[in-house]
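Please keep the sequence and the structure open while reading the points that come after the display.

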There are 2 protein chains.
Amino acid sequence: MKTLSARLACLLFVFFIGTVAMAAESLTSPNGNYQLNFSVNAQGEPVYELFYKGKHVIKPSRLGLDLKNDPGLLNGFTIAGTQTASFDETWEPVWGEEKEIRNHYNELAVTLDQANPGRQVVIRFRLFDEGLGFRYEFPLQEKLNYFVVKEERTEFAMTGDHTAFWIAGDYDTQEYDYTESKLTEIRGLMDSAITPNSSQTPFSPTGVQTSLMMKSDDGLYINLHEAALIDYSCMHLNLDDANLVFTSWLTPDAVGDKGYLQSPCVSPWRTVIASNDARDILASRITLNLNEPCKIEDTSWIKPVKYIGVWWEMITGKSSWAYTDDVPSVKLGITDYSRTKPNGTHAANNENVKRYIDFAAEHGFDQVLVEGWNEGWEDWFGKSKDYVFDFVTPYPDFDIAELNRYAASKGVKLMMHHETSGSMRNYERHMDAAYQLMVDYGYNSVKSGYVGDIIPRGEHHYGQWANNHYMYAIEKAADYKIMVNAHEAVRPTGVCRTWPNLIGNESARGTEYEAFGGSKPFHTTIPPFTRLIGGPMDYTPGIFDTKLSFLEHPGNGVNTTLVKQLALYVTMYSPLQMAADLPESYERHLDAFQFIKDVAIDWDETQYLEAEPGYYLTIARKAKGTGNWFVGGITNEDPRSTRITLDFLDPGKQYVATLYADGKDADYRTNPSSYQIKKGIVTSKTRIPVWMASSGGFALSLIEATPQDTKQIKKW
Amino acid sequence: MKTLSARLACLLFVFFIGTVAMAAESLTSPNGNYQLNFSVNAQGEPVYELFYKGKHVIKPSRLGLDLKNDPGLLNGFTIAGTQTASFDETWEPVWGEEKEIRNHYNELAVTLDQANPGRQVVIRFRLFDEGLGFRYEFPLQEKLNYFVVKEERTEFAMTGDHTAFWIAGDYDTQEYDYTESKLTEIRGLMDSAITPNSSQTPFSPTGVQTSLMMKSDDGLYINLHEAALIDYSCMHLNLDDANLVFTSWLTPDAVGDKGYLQSPCVSPWRTVIASNDARDILASRITLNLNEPCKIEDTSWIKPVKYIGVWWEMITGKSSWAYTDDVPSVKLGITDYSRTKPNGTHAANNENVKRYIDFAAEHGFDQVLVEGWNEGWEDWFGKSKDYVFDFVTPYPDFDIAELNRYAASKGVKLMMHHETSGSMRNYERHMDAAYQLMVDYGYNSVKSGYVGDIIPRGEHHYGQWANNHYMYAIEKAADYKIMVNAHEAVRPTGVCRTWPNLIGNESARGTEYEAFGGSKPFHTTIPPFTRLIGGPMDYTPGIFDTKLSFLEHPGNGVNTTLVKQLALYVTMYSPLQMAADLPESYERHLDAFQFIKDVAIDWDETQYLEAEPGYYLTIARKAKGTGNWFVGGITNEDPRSTRITLDFLDPGKQYVATLYADGKDADYRTNPSSYQIKKGIVTSKTRIPVWMASSGGFALSLIEATPQDTKQIKKW
């Protein structure tokens with residue numbers, strides 16, 4: 001099938017309905033690179049295997065679900081029929097890494113009969129040029145109407161002892177630092193991989209999270225994840241490290257059940273993306289494509305956001321979220337803040353917020369996040385406190401009306417912050433009033449947080465109950481035309497295609513950990529292959545004062561160079577990008593800060609120039625609606641030299657290139673702030689050599705040159 | 001202290017603040033009948049004992065709480081100080097068994113020091129003329145700010161092997177039939193006492209519920225319960241049957257914790273009501289008095305309600321809540337009922353509801369409850385279905401606008417029904433819209449239900465999480481001026497004083513069980529001593545066709561005579577009273593039905609004429625704002641003769657007495673519908689002999705006679 005032109009949504013379905021039970025089925029990807037085989041074995045267990053260019057990616061692996069008070073959907077199956085189809089459509093995301101996304105796959109839907117107790121399930125495979133998605137479908141039927149999942153038993157049998165970039169499987173946090181190891185080494189490394197967190201429930205010495213990135217000894221990059229996690233529990237992977245077989249491991253509820261389902265319904269898609277070229281993993285849009293099209297009719301109010309925030313000063317301990325140190329605990333509506341003594345470190349005060357607004361206005365930022373604006377921060381965490389915030393009552397020193405008026409007068413918006421402290425019922429009770437307050441004052445985006453254990457106790461951050469809550473918050477926000485950036489929520493699975501007001505998520509180890517003791521230097525080379533497979537991350541890059549020199553006791557600081565922080569605006573894709581450092585940190589490096597001001601946050605095209613998970617990454621992106629490009633490159637703790645060929649540029653045009661590079665003496669430990677900036681006129685034929693320091697990087701802006709530019713600026 | 005005049009709220013506090021730690025304290029009730037001793041024993045455990053007329057009611061019993069990750073509040077205490085006070089106030093309930101309630105007690109508050117870890121708790125005792133209330137108070141302090149209750153260890157040491165009227169302790173149901181036994185017999189009878197229920201979690205072979213009614217061998221009636229259960233877990237009692245000591249046993253959450261508290265805070269009151277005269281138990285207002293005064297400023301919209309309902313026909317199986325039998329399961333918003341085949345048995349249809357409205361209008365009922373009016377009843381129960389109802393979408397055959405218009409045109413209101421199926425989050429999500437719908441259509445009362453296990457799983461009907469929900473529903477209803485009658489919610493503890501829009505509760509074994517196989521003939525002689533100690537019950541009496549003769553397969557039927565059903569309108573106090581039977585059942589006995597039409601539902605005065613729990617009960621009540629009295633009497637399965645002296649009547653007046661008595665051949669098993677009605681003029685000197693059949697009763701109305709009455713009606 002030939003590539004269909006962009007903007008033309010085109011569907012072509014070819015159905016074959018099998019009438020005779022068959023022992024095996026197979027399916028190939030549109031480009032022929034992939035082959036999927038499906039069969040039912042002697043025990044009546046569904047089995048699939050996946051080949052990439054003739055070699056196994058997934059060895060024969062069983063499929064099925066263990067149900068509660070039920071013989072389960074594990075075996076006793078026969079193939080009742082199959083349907084195949086092809087699909088090719090190009091769609092436009094509301095925001096994204098490119099203007100258009102092609103959704104192109106061949107499909108096999110196998111209907112399986114389970115004679116006893118007499119029911120059917122469908123397993124639907126979609127084979128793309130970059131990998132596979134498959135899911136369970138449960139048609140409405142008498143013997144499978146309401147059912148409870150004890151465990152999903154989807155296997156992913158590996159072909160060897162791959163290298164994996166993994167974090168510990170956990171029902172409550174995704175904020176671990178990555179470990180690179182062989183699969184067989186996971187067990188031995190698990191204890192050290194589980195670092196303390198405000199809420200954490202690891203479950204197995206070989207349990208890991210998705211998206212899981214691996215590399216085989218013969219150079220095959222393999223990614224396992226899920227797509228369209230809706231009304232279901234989040235999947236982890238548990239490794240049988242004797243046989244190198246992963247099996248799905250869902251997040252349980254308080255009584256250990258893993259899903260309450262009502263047919264007709266479907267599981268999320270389980271995805272396998274693989275290639276000999278790591279860049280193909282990054283370029284894959286399988287996760288988005290397996291989600292439903294956008295459900296918001298008018299998306300005109302959804303806009304990418306570049307922002308600063310009253311945040312890093314609290315994260316680093318310079319300032320406080322809390323207004324007072326006077327009260328041992330707060331009872332909302334009873335504690336009278338006007339009678340307490342301000343602690344003098346409360347950052348979300350009128351004067352300080354205005355300082356940030358002024359800075360945002362001066363430097364062209366869209367919004368200013370303000371955390372700690374509302375009553376309750378004195379005892380918000382770890383207290384099993386149900387009524388922890390009301391999301392509508394500002395502290396005495398935060399004049400919500402005046403500050404929003406002031407921001408609006410400067411062309412800036414404030415960004416709302418809703419920390420829930422995991423008290424989900426409390427948040428839902430206040431949600432309408434909280435969103436309405438936002439509308440009343442002109443906020444259009446909210447950063448929400450779920451720090452600490454979920455209330456009610458026993459529920460987990462990634463269980464069906466909590467996942468249902470996150471969706472409720474997103475859908476209700478859409479009613480109010482509010483964009484959501486949920487931290488500590490379940491890791492994304494492409495749901496932002498359907499609900500593009502889900503503008504961001506944290507759901508991984510963000511920059512804040514650089515203030516909590518640091519992340520490994522290789523850290524940011526991995527999330528694009530893992531966490532970002534599901535959707536954008538509010539990583540909050542841009543720390544210039546990496547040594548936190550403004551603190552009395554700075555501690556470890558950020559484990560990158562200053563320039564690497566710039567590169568993250570390109571390598572760590574998000575339509576929501578923060579410049580996380582203090583204004584005064586930027587004011588000391590306004591020349592380098594220029595890149596953060598210039599860099600786009602929405603894109604027409606993306607090219608992955610170099611990629612090796614755990615090692616390095618170079619990405620070039622074309623800014624939405626312009627001819628300008630931005631390139632970012634990063635390395636792990638090994639210094640690295642490379643040469644960027646600008647052949648992605650329009651061959652007929654000249655560009656002003658500005659390169660932000662690590663200084664020759666730069667090193668993330670000893671000299672992180674050493675950088676050099678070089679400017680010159682370039683074309684698509686220019687090659688730019690760059691050197692990156694230990695945990696360094698580079699950033700490059702390529703702005704279409706005006707005739708004046710070409711006169712004033714010398715050639716590269 | 002002399003009795004203060006009614007309407008005059010009067011407070012008199014006398015404080016004594018002890019400055020020296022003391023070994024023992026004592027307190028007497030205003031009338032001197034009660035004495036409380038408090039001390040700290042050698043282990044530093046707080047100990048109390050209670051005397052009534054010089055004899056032990058509660059032998060020395062320990063007090064304290066076991067905390068999580070904490071040494072606990074069990075021992076190591078010394079008395080740091082005491083405060084005593086007296087209080088005497090008379091207040092007017094919005095509705096009730098009498099016009100004015102006297103709140104009269106002596107108080108002892110003991111401050112206890114726990115040297116290690118260095119903190120204080122207060123135990124506050126209030127000694128009334130009818131018994132004791134005490135609670136734990138946790139002042140705000142560094143070493144006791146946020147804390148988690150592992151278990152409350154409040155003991156109630158009994159003086160002997162009392163006779164108890166008990167139901168099994170259970171975290172999820174209160175709908176068991178009572179068992180009468182010695183305390184030491186509980187263990188042996190527990191298995192048979194635990195009958196099946198839609199949600200049930202018994203916890204111990206000697207665990208029982210409060211309010212627990214007992215009688216000692218020497219004739220002391222003892223009642224144990226709690227008051228003001230707010231933001232705390234509901235208390236059960238677990239019996240050490242070797243030593244005859246009850247210990248409090250709270251309802252846990254999903255992880256086994258029993259309460260998340262933040263100081264300053266208090267426990268509910270634990271109450272001991274005792275007397276040599278069983279009638280004093282019924283007359284006690286300790287439970288109401290220990291609750292806070294009314295928090296609703298304008299209570300003019302809160303009105304007692306006499307109602308009928310589209311209900312019994314579904315309970316008995318004659319009709320259905322569900323609209324169709326066509327769909328195996330429902331997805332709200334997706335299932336299109338207009339395309340399903342009506343099952344022909346759906347009771348909440350326009351025609352049938354109008355029939356009930358007509359009947360209500362003709363016979364002077366305020367409201368018509370309609371259950372099964374909204375989409376979702378096809379699969380509402382036992383399915384772990386989160387989104388089970390939306391509370392706003394009527395079935396196609398229920399025209400909500402037209403039916404409310406029709407009802408209003410007849411001077412009748414419809415009563416809303418919100419079955420939650422235990423899915424509390426779902427109810428809260430829809431609560432504003434649901435209440436607003438009520439306001440829009442003129443509903444002012446809602447019967448809510450919590451049938452089945454709580455969602456999220458692991459939470460229980462009587463845990464702090466659920467209790468918090470019930471209060472949320474009540475308080476939010478007050479915002480909309482809606483009265484709440486919550487079924488399957490936690491048993492009441494006098495909270496209706498504070499929130500009088502809590503117009504009723506089920507929270508016990510109601511009349512519905514008479515259609516599910518029957519309740520024991522003695523059943524209704526017990527709840528006034530137990531369940532009703534906490535607040536009114538929507539018992540839904542009034543079944544005339546006790547043999548359910550309208551059914552094809554009637555089954556067992558109601559275990560009372562027809563006349564006993566009439567008596568329940570007086571003996572089973574509620575400001576919300578249903579005539580539960582089908583209109584056609586009443587039409588066959590319009591003469592007996594007259595009592596239900598006449599009987600008041602709000603009272604100026606109540607006199608308890610005879611009382612013996614498990615055996616018999618006779619109560620006389622004076623209708624609010626009138627001179628009319630209504631008397632009801634019931635017996636257990638033993639026939640009984642008695643003589644009612646009308647000395648409670650105004651001596652100077654004549655009354656038309658109408659006696660509804662069991663027929664001479666009446667028997668609840670063989671001839672339940674045999675009754676006789678006698679009318680005559682009476683005075684306060686008249687004595688009326690009555691005979692009650694096996695599980696029978698009598699009802700008596702006493703209406704101030706007009707001059708015409710005295711001419712036309714002969715003397716008794």
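Between chain A and chain B there are 24 residue pairs in polar contact, with both residues at pLDDT 80 or more; a polar contact is a pair of N or O atoms within 3.5 Å, where within protein one must be able to donate a hydrogen and the other to accept it, and where residues adjacent in sequence count only if both atoms are side-chain atoms. This is a predicted model, in which local features need pLDDT of at least 70, side-chain atom pairs count only at pLDDT 80 or more, and totals for chains, interfaces and linings use all residues. Residues are numbered from 1 along each chain as its sequence is written, chains are lettered from A and ligands numbered from 1 in the order in which they are written, and side-chain values use heavy atoms, with hydrogens and water left out.

**The side of chain A that touches chain B**

- Strand 19 (260-262), helix 7 (424-441) and helix 8 (464-479) of chain A each supply at least two residues of this side, where helices (H or I, at least four residues) and strands (E, at least two) are DSSP runs, numbered from the N terminus.
- The largest share, 4 residues, comes from helix 8 of chain A.
- By class, the residues of this side of chain A divide into 13 nonpolar, 8 polar and 11 charged; Ala, Val, Leu, Ile, Met, Phe, Trp, Tyr, Cys and Pro count as nonpolar, Asp, Glu, Lys and Arg as charged, and the others, Gly among them, as polar.

**Extent of the interface**

- The contact (heavy atoms within 4.5 Å) takes 32 residues from chain A and 32 residues from chain B.
- The area buried between chain A and chain B is about 2800 Å², and carbon and sulfur atoms give 56% of it; buried area is the accessible area (1.4 Å probe) that two parts lose on being put together, summed over both.
- Of the area that chain A buries against chain B, A:Tyr146, A:Arg425 and A:Trp465 supply 24%, more than any other three residues.

**Salt bridges**

- The whole structure holds 80 salt bridges over all chains, each being a side-chain nitrogen of Lys or Arg within 4 Å of a carboxyl oxygen of Asp or Glu.
- Across the interface of chain A and chain B there are 2 salt bridges: A:Arg429 meets B:Glu428 (2.6 Å, N to O), and B:Arg429 meets A:Glu428, with the closest N and O atoms 2.6 Å apart.
- The pair of B:Arg429 and A:Glu428 runs from helix 7 (residues 424-441) of chain B to helix 7 of chain A.

**Helix packing within chain B**

- The axes of helix 7 and helix 8 (residues 464-479) of chain B come within 11 Å and cross at roughly 0°; axes are lines fitted to C-alpha atoms, for helices over the stretch in contact, and angles run from 0 to 180 degrees between N-to-C directions.
- These two helices of chain B are therefore roughly parallel, a word used for angles under 35 degrees, with over 145 counted as roughly antiparallel, 65 to 115 as roughly perpendicular and the rest as oblique.
- Among the residues that meet are B:Tyr427 and B:Met431 in helix 7 and B:Tyr470 and B:Ala473 in helix 8 of chain B, and the whole contact has 9 nonpolar, 1 polar and 3 charged residues.

**Helix packing within chain A**

- Helix 10 (residues 562-571) and helix 12 (residues 590-598) of chain A pack at an angle of about 10°, with their axes 9 Å apart, which makes them roughly parallel.
- A:Leu562, A:Leu566, A:Tyr569 and A:Val570 in helix 10 of chain A meet A:Ala592, A:Phe595 and A:Ile596 in helix 12 of chain A, and this contact divides into 7 nonpolar, no polar and no charged residues.
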